[in-house]
Amino acid sequence: MKSLVKITIIALVFASFVSCQNDSRPNYQFMPNMYVPVGYETYSESDAFRNGVEAQLPVDGTVPRGYMPFDYASDMEGYMLAKTELKSPLDSTQVNLVEAKILYDIYCGICHGTKGDGQGQLVKREKILGIPKYDDIGRAITEGSIYHTIYYGKNTMGSYANQLNEEERWQVVAYVLDLKAKLEQ
C-alpha cells in the first residue's frame with residue numbers, strides 16, 4: 001500500500017514538472033492534411049473533372065440554400081396571376097405587426113408614407129411624385145399583388161427581394177393590408 005502511495009506521489013511530481021516546462025516547440029500533428037486545407041486556385045487546371053477546370057457550375061435546377069423560387073413571372077401577366085392566386089402562407093398567429101411596421105418604415109415608408117397615404121419623405125420633398133394611396137379604388141391591391149411588387153418591383157419602385165427574406169416580405173404584406181384597412185375606415 002505504501003509503495004502505491006509513493007508511486008502516485010512520484011507520478012504527480014513528474015506530471016507537474018513536465019507540465020511546467022517552457023517548451024515552445026509545436027506538437028506533432030497526426031495527419032496534417034486534416035487540419036491544413038489544401039488551397040485550390042479557382043480557375044486552375046484539374047484532373048478531377050472532365051473539362052479540366054477546377055471551378056464548376058452548379059447542376060441545372062440547383063436552388064441555393066435559404067432561397068425559395070418564385071413561380072410568377074416579372075411581367076404584367078405574372079403580376080395579374082399573382083394578384084388573383086397568391087396567398088400568404090402565414091396565419092394570423094405568425095403575423096407580427098410590430099416587426100412588420102419596423103420593416104415597412106425602413107423599406108417602404110420613405111416613399112409610401114408611414115400611414116400608407118403616399119406621403120413619404122421623398123414625396124414631401126418632391127424627389128419623387130405620384131405615389132398612390134393604398135386605398136385608391138383603382139388599385140384594388142391584394143396580398144398577391146403586394147408580394148409580387150415587393151419581389152420584382154413595379155414602375156419606378158425597385159425590387160426588395162434582396163433586402164427582405166420571404167417571411168419578412170409576407171410580414172410587410174400583412175402590414176400594408178392593415179394600413180389599407182385603416183385608410184378605408
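Which element supplies the largest share of the lining of the largest pocket? That would be α6, with four residues. Before going further: this is a predicted model, where local features need pLDDT of at least 70, side-chain atom pairs count only at pLDDT 80 or more, and totals for chains, interfaces and linings use all residues. Residues are numbered from 1 along each chain as its sequence is written, and side-chain values use heavy atoms, with hydrogens and water left out.

H148 is buried, at 2% relative accessible area (buried is under 20%, with a 1.4 Å probe and protein chains only). Beyond neighbours within four places in sequence, the contacts of H148 include F70, Y72, D75 and Y79, as well as G153 (contact is heavy atoms within 4.5 Å).

Now for the largest pocket, with a volume of about 620 Å³. Of its 28 lining residues, H112, R139, T149, K154 and M157 are the closest to the centre. Besides α6, the helices α2 (76-85), α4 (109-112) and α7 (166-184) each give at least two residues to this lining.

The second largest pocket comes in at about 310 Å³. Its lining counts 18 residues, with M68, Y147, Y151, E166 and R169 nearest the centre. Here α6 and α7 are the elements giving two or more residues, and α7 has the largest share, three. A pocket is an open set of 1 Å grid points where a 1.4 Å probe fits, with protein on both sides within 12 Å along at least five of seven lines; lining residues have an atom within 4 Å of a point.

Note on methods. Buried < 20%, exposed > 50% of the residue type's maximum accessible area, 1.4 Å probe, protein only. Points joined across faces, edges and corners; volume = space filled by probe spheres on them.
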